[in-house]
Each structure stands twice: as C-alpha cells, then as structure tokens.
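Please look over the model shown here, and then follow the questions and answers below.

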Amino acid sequence: MDRYPPIADHGLIGDLQTAALVSSQGAVDWFAAPRFDSPSVFAALLDHDGGGYFLFAPEGRNVTCKQLYYPDTAVVVTRFMSPDGVGEVFDCMPPDRTGTPAERHVLLRGVRAVRGTVRFTLECRPRFDYARATHHLDLQDSTATFRAPNVTAFLQSTFPLQRDGRDVRGEVTLRPGEVAAAEFTVDGPDGHPPLPITPDRTMERFWDVVDFWQRWVHHSSYRGRWPGAVHRSAITLKLLTYAPTGAPVAAATMGLPEQIGGERNWDYRYTWVRDGSLSVRALLDLGFDEEAAQFTRWMGERLQAREGADGEPLQIMYRVDGDPELPEEILPHFEGYRGSYPVRVGNAAADQLQLDIYGEALYALSEGREVAMRGGYHGWKNVARTLDWLADSWDRPDEGIWETRGGRKDFTFSRVMAWVAFDRGLRLAREHSRPADASRWTAARDAILEQVMERGWNEKEQALVQHYGSEVLDASLLLIPRVGFLAPRTVSWLSTLDAMERTLVSDSLVYRYDPAASPDGLRGAEGTFSLCTFLYVDALARAERTRPARYAFEKMQTYANHVGLFAEEIGPSGEQLGNFPQAFTHLSLIMAATTLDDALDRQRD
C-alpha cells in the first residue's frame, strides 16, 4: 500500500463510541479504542512504519480500487478490479445499542469474489498506545491474541493465519460468490476470545448493521434538493457522536496537518461546545430530535458542573464523558503524516478563553426550546447563573474562535456571540416565564451591539473586521445573519459580505482569515476552511443571492471525497487537509443546504 494515501482516500466506519478509517487500498490505518479519544491501535496514517495497520486486499499489481458506502449506511465497500477477477471488501462496526460505555469493540471485515478468482492477503500489525506499548502474540490456527498492557485484542478469521514476528498474515483464494471474513476485537486487559466466526455469521452481522443505519436514515425529514449529501453528512455526524453521552467529537482523527510538513497538527477527538451546539440546529432541521436532546442534556451537565478555568462556567472543549482535563503532549516517535511533525495528543487550547461559546450554547438551547426546557427549574437556574456571570465578563479580550496562539484580542465574533447569549436567554425567559434579571441582560445585550457597530466597524474596508482596531476580515462573522445580529439584507451586512468576497473568497472557497495579516502565533499557512465555505453559502442565500449561493454549494460538492466526506480544509490543489472527517464541515453543509432549499423555494413561489 502507499506509504501515505491522501487524507481524503478513506471511508469512515464506527460503532458510536469510536471509529476507524479504511483506505481505498483496503487498509485500516487509523483506529483508536475503546473511545474516540483513546490511544491508537492502528495509526499508520501518522507513521507508516511504526503506527500499525490492518490490511485486507487482493495481491498483485494492476489492481484498480474503487470505494463506496452501501446506500444510506456506514458500511464501506472497497472494490478491487484486476486482470484475474473482481473482489470486494466490506467493512463496518456493529453499532452500540446500549448507550453505556463498552471496552469491547469490533472491526468486522468480509471479502468475496465477484468475478474470476481473487487471492486476498491479510496483514494485521497492531501497535498499542500510540505504538508506545509492546504486545505478546499467541496464535492458534485462525485466532490470534495480542496482549498489551491495559488492552487485549483478538483477530479471528475463516482461514488459517501465520505468525509474522509479533504480527500475523494470512491468504485466501476465492472463486465467484465465495466469502471469507476476519473480525478484529479490542477488549480490556481481561478480555476473553469472542465466539468463533463463520462466513454466514459475519454476513448476518453485516446485514444487521445495514438495517440499523437504513432505519435511522429513514427517520430523516429532509425532502430537499441534495438528499445524498445531506444524509451522508447526517450519518457522519452520528458516527462522530459518543452514544453514552450524546457528545460529538470534532473529528475522528488527531495530528493530520493543515499544511503538509507544517506544525498545525492538532488532536480533534474531543467535544467543542461550539461545534456541538451548532449541530443541534442541523439535527433538528432533519428531524433527529433525540440526538439534539441528548447533546443539550450533556451541555446542561457542563453548565451545572461549572468546571471552566478561573471560575468560568464553561471551557471550550471536553472529553466525550465531560472530563475537562485534556493535557497536550507531543508523540516524538511518530514522524507525522508525510513528515508533518509534531504529532500532538491532547489539546492545550482547552485552557483558552473563548467567550463566543456562551452564545453558541444559548443558541442551541434556544433553537431546541422544547428540548432545552426539559431540564426544568434547576436547569434554567444554571443557564441564568451563566448569563449573570457573562454580564460581568463579556467585555474582555480572548483567544477567539480559531484558537490562535498569538495573544488575546477584542475579537468581534466573540462579542457578537455574547450578544446572542443574552438575546436567546431573554427569549427563553420570556417564552417559558422563567425568572431572570431581564433588565441587566438587556443592558448587556444592547451595550454589545453598540460596541460592535462602533469599534468592530472599519471605514476603510466598509466591513466588520476580525478584532477591534484591525483591517483583517474574518469568515466567522458569516454567522451574523443566521443568529440575527444583523438582518441579512441590511447595508452594513451586505457591505461586510462584499468585503469578504474580495478578500477571503477564492473560487467560492473561503479562508478563515489571512494569517499573514493577522499573525496567529504559528508558522506556515493553511488551506480554505470548508466550514466557512458552507457558511458563505448560507449567508448568500439569506441575502437572496441565490444564484451564486447555489453555484458555490454545487462546486463545493466537487471537493468532497469519493464517498462524500470532507476534512477540515481544502488545499491549493484541491486536496483535503486537516483532521478527517470534520463534524463542523458536515453540520454546516446541512445548515447551508436547508437554508438554500428554503431560499430557492421562496424564489420559485
């Protein structure tokens, strides 16, 4: 297999507690267990030689690879076409149906010959604890047991396996219609071997996974113009959500670079208040009310715990179980994707001050009013206490939405979202007759609006800018019309939108900001930010610029990978960069699609 396939050359599978990436060459080159944020078992995507992988693919050269999702599911099918025949590998993980944390997780891999005779090779090379732990191998015919500190893994196959040092190999030749299978199970240190597998049992489990996902998608209420892209995004958001708590991770991976060879290589396997809150609106738009409700309950627990630094009610991100501790370290033995070093685990940005998160949290609670108010009186008191704190705390410099490491500034977007927090808090208090210091919240809301329009406005650019006193444009402000800070066709907003188009937009793709004009404390550059491109579509549609909005949306679909997934960024040659797939991108795709559908429907009427 290629040392480092393109980041986008993968499909995502998962069981709603963790996830794995399967390359179009048939290699599982990323898998962490038992949770998204656990140490890796396979990490060849971050270090080809030392990270570990699980390959199941045909032998030989002149093999053409194609990959797709089984329709409306999280089952990846990889097809191999060679002069000798055509074979398929299907990959999935049986989804969690209990809602309780589990130590045991299964990668289910089946192969079959479709035409001709196909010889498949299996190579399983686990490297536990980010390849820092050694393991002992016990091999008995078709069952391999890998024992490492704190974890045991089992590889079972329907054909014989051979020892290859501390790893295993196997080969099987299939004729048309014949099926073979392998299952890789990760368990705790005292884990016991699963039941023996057979091709028929593996196929039964495969169809059960297919039925689970197709039934789930069937509940979608979306009837718009882009059902394929929207439902793929919905499945991806579901895959990236930790079922026991309802907390979504920002991405399935860590350490993938925003610039090849650069240092912007972060760990995104955590739950950002911002990302999760915005996902509530996307899920509600599709009719997935229970998923939205589960996250708002998680958010309510964070507000009750008040575990932010320096007495703040929230910090910007948590582990999926709500743990606020995310110490950051570098893995010096990993070379990084295509030499993109350092590879970081943990995320020091958790300690940053980003005041916009309170606006996103209240936005989520307001968008799902019926869901949010299930917390009752005590839940509301936590919300009110948070807004009382914010009334004294909003007018401070912070690190801003993009987690820059270049020092705190008076970021305009942070102020806008603080306005949202008070605006939505007042609405909830009024609509549900809840006790609130309405006069104080109203005064804070109005003071923020006046401050932003006076200090965040730049006469030269005729636009709202990134932070007070600057001339730098910032794409985060594309959320302004969605949250109602300014109406989508006011002169000041349209002027800001025009300035962004001149400065940040490149062939419909949108940069977050210009790091050269606004140093962020890091070396190197980055690609266009896919979230921002979909926010741009949303803003265009709200401004009744439907023709460029639709064209931009359709062009953005050409940057999706072969199975409809998006990473964080798009590079200068159209390549996907950053952690993959990114939940923020997929939730903003849903938001843009539903807004654009509504705008086009109104235009038609």
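Q: Which residues does L504 touch, not counting residues up to four places away in sequence?
A: This is a predicted model, in which local features need pLDDT of at least 70 and side-chain atom pairs count only at pLDDT 80 or more, while totals for chains, interfaces and linings use all residues. Residues are numbered from 1 along each chain as its sequence is written, and side-chain values use heavy atoms, with hydrogens and water left out. With contact taken as heavy atoms within 4.5 Å, the residues that L504 touches are L473, D474, A475, L509, V510, Y511, R512, Y513 and D514.

Q: Is L504 buried or exposed?
A: L504 is found in the loop between helix 12 (491-503) and strand 25 (505-506), where helices (H or I, at least four residues) and strands (E, at least two) are DSSP runs numbered from the N terminus. Buried means under 20% relative accessible area, exposed over 50% and partly exposed in between, with a 1.4 Å probe and protein chains only. At a relative accessible area of 2%, L504 is buried.

Q: How far apart in space are L504 and A475, C-alpha to C-alpha?
A: A475 is among the residues that L504 touches. The two are 29 residues apart in sequence, and their C-alpha to C-alpha separation in space is 7.5 Å.

Q: At what angle do the axes of helix 5 and helix 8 cross?
A: Axes are lines fitted to C-alpha atoms, for helices over the stretch in contact, and angles run from 0 to 180 degrees between N-to-C directions. The axes of helix 5 (residues 289-305) and helix 8 (residues 376-393) come within 9 Å and cross at roughly 60°. Angles under 35 degrees count as roughly parallel, over 145 as roughly antiparallel, 65 to 115 as roughly perpendicular and the rest as oblique. Helix 5 is therefore oblique to helix 8, at roughly 60°.

Q: How many of the 13 residues of helix 13 are buried?
A: Helix 13 (residues 530-542) reaches 19 Å from its first C-alpha to its last, close to the 18 Å expected at 1.5 Å a residue, a span taken as 1.5 Å times one less than the number of residues. Its buried residues include L531, F534 and Y536. Helix 13 is largely enclosed by the rest of the structure, because the number buried is 12 of the 13.

Q: What is the relative accessibility of R338?
A: R338 is found in the loop between strand 21 and strand 22, and its phi is near 50°, a positive value in a residue other than glycine. R338 counts as partly exposed, because its relative accessibility is 40%.
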